[in-house]
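Have a look at it first, then read on.

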Amino acid sequence: MNEEYIKKILKEVKEGTISEDEGFRLLKELPYKDMGFANIDNHRQIRTGFPEVVYCEGKTPEQIRDIFYELARHGSVMGTRADERDYEAVSRVLPDAVYHREARIIEYGARTVRNSLVAVVSAGTADIPVAQEAAVTAEILGSRVDRIFDVGVAGLHRLLDKIDRITPADVVIVAAGMEGALASVVGGLVSAPVIAVPTSVGYGSNFQGLSALLSMLNSCANGVAVVNIDNGFGAGYMASVITKKSL
């Protein structure tokens with residue numbers, strides 16, 4: 001639910017297109033709609049500028065379907081950590097929904113469009129699914145995205161060959177597992193803020209991404225901030241918040 005939706009209801013009541021009772025019924029769903037198994041935050045886009053995002057993991061396909069259908073009444077919807085069964089359930093009620101398989105994101109509705117550029121960089125090919133979650137999130141929330149994949153520090157020349165694509169970005173997202181060193185290297189080469197995403201890619205002492213997380217938190221490069229392990233969505237969302245505020 002956004003400002004335009006509320007103004008539309010008020011205008012329809014004023015013009016007599018809908019009754020006062022119907023207008024009240026629609027508006028009483030602010031700030032949330034109780035669905036029994038979920039309380040849908042219809043007010044979030046008005047407060048933050050972005051609608052509520054559905055975290056699909058742990059929910060049943062039927063719950064995800066019903067949540068998407070409710071949110072879609074008021075605008076665009078995005079769901080993260082979704083699988084094929086979740087998408088199939090949503091597509092039955094919202095045939096125009098799109099599934100981004102590698103990013104595990106379900107998207108429905110029109111995208112916001114802003115003149116901002118986010119570079120999404122992955123250290124290795126194994127980091128791409130997390131990088132794609134970040135990239136698709138940033139695109140849905142309005143940014144142009146340039147994807148630069150498999151340019152980790154084990155072959156630094158690969159990164160340097162692509163640096164001309166990275167430096168124009170308003171925000172740079174770096175997804176890296178193993179020792180997570182790529183975020184510090186990029187942070188020392190660009191003037192834009194760098195959002196580091198540690199991934200759970202690596203052998204045993206990587207501790208499912210913990211070693212990369214600690215490396216990124218201890219970065220000697222200025223301008224590097226860190227999100228949680230494998231949290232591509234959080235990085236893409238934060239990049240959108242930064243670019244939105246800077247416009």
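This is a predicted model: local features need pLDDT of at least 70, side-chain atom pairs count only at pLDDT 80 or more; totals for chains, interfaces and linings use all residues.

Residues are numbered from 1 along each chain as its sequence is written, and side-chain values use heavy atoms, with hydrogens and water left out.

**The whole chain**

Let's start with the big picture. The protein chain has 10 helices and 11 strands; helices (H or I, at least four residues) and strands (E, at least two) are DSSP runs, numbered from the N terminus. Its C-alpha trace spans about 65 × 35 × 30 Å along the principal axes. Of the 247 residues, 46% count as buried. Buried means under 20% relative accessible area, exposed means over 50%, and partly exposed is in between (1.4 Å probe, protein chains only). Among contacts in the protein chain with a separation of 6 or more, 65% come from residues 24 or more positions apart; a contact here means heavy atoms within 4.5 Å.

**Helix 4 against helix 5**

Two packed helices are described by the angle between their axes and the distance between the axes. How do helix 4 and helix 5 cross? The axes of helix 4 (residues 61-72) and helix 5 (residues 84-93) come within 8 Å and cross at roughly 40°. That makes helix 4 oblique to helix 5. Axes are lines fitted to C-alpha atoms, for helices over the stretch in contact, and angles run from 0 to 180 degrees between N-to-C directions. Angles under 35 degrees count as roughly parallel, over 145 as roughly antiparallel, 65 to 115 as roughly perpendicular, and the rest as oblique.

The crossing of helix 4 and helix 5 is right-handed: a crossing is right-handed if the near helix is turned clockwise from the far one by less than a right angle, and left-handed if anticlockwise. On the helix 4 side, Pro 61, Ile 64, Arg 65, Phe 68 and Tyr 69 take part, meeting Arg 85, Asp 86, Ala 89, Val 90 and Val 93 of helix 5. Sorted by class, that contact has seven nonpolar, no polar and three charged residues. For this sorting, Ala, Val, Leu, Ile, Met, Phe, Trp, Tyr, Cys and Pro are nonpolar, Asp, Glu, Lys and Arg are charged, and the others, Gly among them, are polar.

Zoom in on two residues from this contact. Asp 86, in helix 5, is buried at 4% relative accessibility. Leaving out residues up to four places away in sequence, Asp 86 touches Cys 56, Pro 61, Ile 64, Arg 81 and Ile 106. Tyr 69, in helix 4, is partly exposed at 47%.

| Pair | Apart in sequence | C-alpha to C-alpha |
|---|---|---|
| Tyr 69 and Val 93 | 24 residues | 6.8 Å |
| Asp 86 and Ile 64 | 22 residues | 6.8 Å |
| Ile 148 and Ile 128 | 20 residues | 9.7 Å |

**Aromatic pairs**

Rings of Phe, Tyr and Trp (its six-membered ring) pair if their centres lie within 6.5 Å; planes under 30 degrees apart count as stacked, over 60 as edge-to-face and the rest as tilted. By this rule there are two aromatic pairs. The rings of Tyr 87 and Tyr 99 have centres 5.4 Å apart and planes at 15°, so they are stacked. Tyr 87 lies in helix 5 and Tyr 99 in strand 5 (residues 98-100), so the pair ties together parts 12 residues apart in sequence. Tyr 99 is buried, at 14%.

The tilted pair is Phe 233 with Tyr 237, at 5.7 Å centre to centre and 55° between the planes. Both lie in helix 10 (residues 232-246), four residues apart, about one turn of the helix.

**A few single residues**

Ile 148 sits in strand 8 (residues 144-148) and is buried at 1% relative accessibility.

Most residues other than glycine have a negative phi. Met 178, however, has a positive phi near 50°, and is found in the loop between strand 9 (171-176) and helix 8 (182-187). Phe 207 also has a positive phi, about 50°, and lies in the loop between strand 10 (194-198) and helix 9 (210-217).
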